[in-house]
Amino acid sequence: MSEETLENLLTETRTFPPSLEFAAESNAQPFIYAEANKDRLAFWERQARELQWDAPWSQVLDWQPPFAKWFIGGKINASVNALDRHVNEGRGDRVAFHFEGEPGDTRTITYAQLLIDVKKTANALTELGIKSGDRVAIYMPMIPEAAVAMLACARIGAPHSVVFGGFSAEALLSRIQDADATLVITADGGFRKGSAFALKPAVDEALLGTTHVKKVLVVKRTGQETAWDNDRDVWWHEIVERQSPEHIAQSFDSEHPLFILYTSGTTAKPKGIFHTTGGYLTQVAFTHKMVFDIKAESDVFWCTADVGWITGHSYVVYGPLINGATQVMYEGTPDTPHKGRIFELVAKYGVTILYTAPTLIRTWMKWGDEFPQAHDLSSLRLLGSVGEPINPEAWMWYHRIIGAERCPIVDTWWQTETGAIMISPLPGITASKPGSAMRPLPGISAKVVDDNAKPVEHGHGGYLILTEPWPAMLRGIWGEPERYAESYWSKFENLYFAGDGAKLDDDGAIWLLGRVDDVMNVSGHRISTTEVESALVSHEVVAEAAVVGASDAMTGQGIVAFVILRSGMAHAEGNELIQQLRNHVAKEIGAIAKPRQILIVAELPKTRSGKIMRRLLRDVAENRAVGDSTTLADPNIMKLISEGLQNATSED
Ligand code: WTA
């Protein structure tokens with residue numbers, strides 16, 4: 001039996017330091033780590049002072065594990081920091097959003113205009129009876145009104161709960177009920193994959209359930225036929241447009257709840273992660289400025305996440321707007337009307353910083369290099385990745401094909417729960433390794449530990465934990481304090497366990513190895529799915545891979561891999577290809593990790609935010625009926641995969 005908590009199989013020796021020019025100009029300079037180490041709380045206080053406070057705090061941190069409060073006694077308004085401040089300081093003409101609808105309609109929204117829109121909407125919410133502390137559910141397509149709605153809620157102190165527009169009526173209802181929302185903001189519909197989809201019918205259906213919702217505020221986006229309840233439904237344009245453009249924002253306590261955001265989790269009822277104001281804003285603004293090296297006067301920042309996810313909250317709405325950045329917001333899918341849409345928009349708006357997810361990067365690899373190569377991407381100067389481990393080969397592809405070997409890549413590790421980026425290279429400082437999130441940001445304490453909470457040595461794997469409270473940390477699970485303590489603080493005493501496995505390489509850089517629930521146990525070796533997947537993706541014909549452990553009479557678990565091939569690449573067929581791939585894994589990381597079975601598939605089951613759902617693949621690999629797949633982006637995929645596996649033959 002191996003003693004390792006998690007094996008370290010993959011070795012990566014390539015490193016990519018920033019260019020001298022990039023390093024010289026970068027917002028973060030090397031002393032920042034020492035500065036934060038010297039006095040962590042003083043460091044965070046300095047970052048908090050970058051915001052506009054209406055009253056100062058009297059204490060930086062109150063830590064009664066597992067409950068933290070930051071900047072106690074401070075008073076602040078989130079929307080004032082995102083908008084009024086820029087307009088008051090003469091930056092009102094700067095573009096906040098270049099919006100591009102999927103059908104090609106565009107809007108250019110300056111900070112001054114966005115502020116007027118938010119003030120009017122805040123007045124409309126007040127007219128609809130919403131007061132500080134009331135919860136508002138937002139169920140919208142990716143259009144500017146989604147950001148306006150969030151900021152208007154923040155302006156009047158009403159915590160928003162954004163529910164991703166792709167979720168069902170049932171999912172919406174459970175979230176409305178859990179947060180006890182009294183208002184829903186939605187749209188008639190939005191545009192996706194070349195046609196209009198409806199949103200309002202899902203709201204109508206959800207509200208057949210028992211709720212305290214009194215009004216539904218509806219943006220007209222598509223103009224499609226929309227059923228209407230005259231007592232309950234209000235058109236956005238009818239109520240917002242007639243409001244006064246004046247609105248004086250109140251200040252709220254630093255610990256006033258800013259928003260609730262539900263994480264689906266893999267099995268249980270979604271958790272209502274809630275965040276408060278002062279600490280959250282401090283860390284999102286700081287990380288946005290340092291990790292993305294934002295130069296607000298000249299950069300065009302594009303985070304492709306939907307506002308329905310934490311990435312959209314922190315790096316489309318709050319972080320970039322506080323920093324006065326100019327952004328691109330795109331409504332639709334990356335393949336509509338063609339597979340080069342994202343690249344076309346990078347060229348059109350001169351995007352300088354692109355932040356996206358490994359799932360999209362691997363999809364681009366699968367589609368082929370001709371799509372990015374058809375567009376001028378020379379405006380790009382920095383690239384980012386979030387949401388899943390990025391396999392070294394996907395990192396290299398991003399570096400070569402999108403970044404033209406010129407752009408640093410920041411692989412940012414964080415969670416809905418952490419609120420802001422925690423582990424990431426700093427682009428002007430770090431010599432990055434493809435596939436590693438490298439080290440905790442200044443002011444953040446993360447460690448990799450074994451089952452006894454003992455830090456592992458370099459070259460070993462274990463559990464990723466956070467050892468000190470951080471400003472943007474979740475303050476709890478809405479209405480469920482015990483579940484909060486149990487979910488995050490019970491594995492190790494007073495230490496936050498994030499659910500992820502990680503390893504330290506020989507230099508102490510951190511490599512994320514996926515969720516520990518996904519770890520496979522093969523003949524007593526605890527092997528991470530990420531490492532086997534990365535080994536597969538490092539084969540030139542593989543674009544994407546998902547690996548699971550299926551029970552095996554001989555070895556405890558056997559490795560079963562599902563692989564997507566890159567288009568337009570010549571490759572062996574059938575068993576010969578499978579054999580090549582198995583041998584490739586053995587060569588890259590060792591015979592112990594050689595998959596028992598490999599299945600070539602066209603698609604993988606993913607959540608709507610793009611994470612692979614290995615749980616469903618495990619069901620297939622163990623010949624069980626596939627479990628709850630309601631959070632799947634495309635429900636047909638599992639059927640195709642199960643049929644495929646039944647026809648495939650098992651290797652030795
Ligand atoms: C995973 C997204 C490896 C991880 C911001 C985490 C990552 C979960 C990375 C949170 C990364 C996120 N490398 N894994 N750079 N970033 N993850 O709540 O498993 O949607 O726990 O937040 O995504 O997902 P969430």
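**Close-up views of a predicted model**

**View 1. The second largest pocket holds about 490 Å³ of space.** The structure shown here, as in the views that follow, is a predicted model. Lining this pocket are 28 residues, and E50, A285, K289, I322 and N323 are the closest to its centre. Two or more lining residues are given by each of the elements α2, α3, α4 (78–88) and α10 (278–291). Helix α10 provides the largest share of the lining, with five residues. By class, the lining of the second largest pocket consists of 11 nonpolar, seven polar and 10 charged residues.

**View 2. Helices α2 and α3 cross at roughly 115°.** Two packed helices are described by the angle between their axes and by the distance between those axes. Here the axes of α2 (residues 31–38) and α3 (residues 40–48) come within 5 Å. On the α2 side the meeting residues are I32, E35, A36 and K38, while α3 contributes R40, F43 and R46. The contact of α2 with α3 comprises three nonpolar and four charged residues, with no polar ones. Both helices also give two or more residues to the lining of the second largest pocket.

**View 3. The largest nonpolar core contains 141 residues.** Within this core, I185, F292 and Y318 touch the most other members. Helix α6 (residues 144–156) supplies the largest share of the core, namely 10 residues. Around I185, with neighbours within four places in sequence left aside, the residues in contact are L125, V136, A137, I138, Y139, M140, A149, L217 and W236. Another core, of 55 residues, lies apart from the largest one and has V351, L536, A545 and L581 among its members.

View 4. In total, the model has four cavities of 30 Å³ or more. The lining of the largest cavity is made of 13 residues, and those nearest its centre are G435, W511, L512, T530 and S534. Strand β25 (510–515) and helix α17 (529–537) are the elements that give two or more residues to this lining. In terms of class, the residues around the largest cavity divide into seven nonpolar, four polar and two charged.

Note on methods: Residues are numbered from 1 along each chain as its sequence is written. This is a predicted model: local features need pLDDT of at least 70, side-chain atom pairs count only at pLDDT 80 or more; totals for chains, interfaces and linings use all residues. Side-chain values use heavy atoms; hydrogens and water are left out. On a 1 Å grid over the protein atoms alone, a cavity is a set of points where a 1.4 Å probe fits but cannot get out, and a pocket is an open set with protein on both sides within 12 Å along at least five of seven lines; lining residues have an atom within 4 Å of a point. Grid points are joined across faces, edges and corners, and a volume is the space filled by probe spheres set on the points. Helices (H or I, at least four residues) and strands (E, at least two) are DSSP runs, numbered from the N terminus. Ala, Val, Leu, Ile, Met, Phe, Trp, Tyr, Cys and Pro count as nonpolar, Asp, Glu, Lys and Arg as charged, and the others, Gly among them, as polar. A nonpolar core is a set of buried Ala, Val, Leu, Ile, Met, Phe, Trp, Tyr and Cys residues joined through side-chain atoms within 4.5 Å. Buried means under 20% relative accessible area, exposed over 50%, partly exposed in between (1.4 Å probe, protein chains only). Contact means heavy atoms within 4.5 Å. Axes are lines fitted to C-alpha atoms, for helices over the stretch in contact, and angles run from 0 to 180 degrees between N-to-C directions.
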